[in-house]
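Subject: Structure handover

Hello,

Here is the structure we discussed, with the sequence alongside. My notes follow below it.

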Amino acid sequence: MSTLYHMQENNIDKGRLKIQITSEATAFPVEDASVRISYTGVPENTLEMVSTDSSGQTETLELAAPPVEYSLDERQEEQPYSEYTLEVTAPGFEPIQIAGTEILSGVTALQNIRLLPITREEGEQVYVIPAHTLFGNYPPKIPEAEIKPVNETGEIVLSRVVVPEYVVVHDGSPRDTTALNYYDRYKDYIKNVASSEIYATWPVEAIKANVLAIMSFTLNRVYTEWYRNQGFDFTISSSTAFDHKWIPRRNIYDTISSVVDDLFASYLSRPNVRQPILTQYCDGKQVSCPGWMTQWGSKSLADQGYTAIQILRSFYGSDMYINTAQEISGVPASWPGYTLENGSTGDKVLQMQEQLNVIAGAYPAIPKVDADGVYGPKTEASVRKFQEVFGLPQTGKVDYRTWYKISEVYVGVSRIAELV
């Protein structure tokens, strides 16, 4: 208590927190939700009380955090993040408490919360976020072959690499029958894992290298139907001994989120191998893993000016390269391959305008536009507001990242997505 209070009062280091609240049932934003914020160790001491706007968002808050050096120096033994408890209430919804939202110095923590409509069995949901994998103690990865045999009798293997809309995460070790299965959007899953396994304060090329390794590993599990071929009903587990750490309801970070949004269709390949490579790794501090990437080692190379692919090749070999999936599931249409902007015309503009108008029905801060296939100033203003609401660079142009974010939000609020 005293350390955190001292930081808060003396303005030593600060991180940021932005909260987004939506309905689990409709994916619409929840307006006028109340959020009480306290230190996880001192729940009775209210630090902030905030409420959500028409987009279901709070203002961006500044909260005390340990010095940024704690997350940048692997020799440090101090916890590099502070922990906060969020208690959320909203009319018509079950209350929820999340204990352990992690705030790192200098970056923005994004806490997405989905509320359940009140049922007869109403009661507060409580989620406790465990320690970050670089700070806590977790089982090391059990080594596997990085390329799976796919010609065995009865094997179910996809004919091409597809980015799934959802992954089914088994929240425990694979044979733990008491563990729950969760549906999570693929991009959200990757953001959750990366936020659980590396620090968002690291150089962007280190974040990219680790995100690419996480995505390639995950797409290998998808492509080879690894667990389903063993009789399980999930895609991947949350056990670090078998897969990656994934934590229900944890916060993510802006630096990690933007990297995933830019790279989410990518994975790692070797020549003449169709399947994504099962890129295994370890922290390189508590555990060593020759031949695999180490997380702290990736950070060190990025500090020296290495790019993401140079980092990956230094660990996995010079024949590793970045590939792109041929198909992205769960989107009405793929990105056209060029940026839509003021002056653009055609079917892709029309489709984007129609999707924006559906989104504006759920998010009234976003102005509706004339769906006429002509990208004029009003469409630009609407896109700019969409980008502001969803934390994208406010260019007023629909680039790769904005196109897929519009698709994602549209699918959510129009309820055309099905869990398959």
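In this predicted model, three strands form an open sheet in the order β11-β10-β12, and their pairing is mixed. Strands β11 (181-185) and β12 (236-237) each have a single partner strand and stand at the edges, so one side of each has no neighbour in the sheet. Strand β10 (residues 166-170) runs parallel to β12 and is joined to β12 by two bridges. His-170 has Ser-237 as its bridge partner in β12.

Next, a helix pair. The axes of α4 (residues 204-224) and α7 (residues 308-316) come within 8 Å of each other and cross at roughly 55 degrees. That angle makes α4 oblique to α7, and the crossing is right-handed. On the α4 side, the contact consists of Glu-205, Ala-206, Lys-208, Ala-209, Leu-212 and Ala-213; on the α7 side, of Ala-308, Ile-311, Leu-312 and Tyr-316. Eight of these residues are nonpolar and two are charged, with no polar ones.

Last, two backbone angles to look at. Ala-27 has a positive phi, near 70 degrees, although Ala-27 is not a glycine. This residue sits in the loop between β1 (14-23) and β2 (34-39) and is partly exposed, at a relative accessible area of 21%. Asn-272, also a residue other than glycine, has a positive phi near 65 degrees. Asn-272 belongs to the loop between β14 (266-269) and β15 (281-282), and with 84% relative accessibility Asn-272 counts as exposed.

Regards

How values were computed: Residues are numbered from 1 along each chain as its sequence is written. This is a predicted model: local features need pLDDT of at least 70, side-chain atom pairs count only at pLDDT 80 or more; totals for chains, interfaces and linings use all residues. Side-chain values use heavy atoms; hydrogens and water are left out. Two strands pair if DSSP finds at least two bridges between them. Helices (H or I, at least four residues) and strands (E, at least two) are DSSP runs, numbered from the N terminus. Axes are lines fitted to C-alpha atoms, for helices over the stretch in contact, and angles run from 0 to 180 degrees between N-to-C directions. Angles under 35 degrees count as roughly parallel, over 145 as roughly antiparallel, 65 to 115 as roughly perpendicular and the rest as oblique. A crossing is left-handed if the near helix is turned anticlockwise from the far one by less than a right angle, and right-handed if clockwise. Contact means heavy atoms within 4.5 Å. Ala, Val, Leu, Ile, Met, Phe, Trp, Tyr, Cys and Pro count as nonpolar, Asp, Glu, Lys and Arg as charged, and the others, Gly among them, as polar. Buried means under 20% relative accessible area, exposed over 50%, partly exposed in between (1.4 Å probe, protein chains only).
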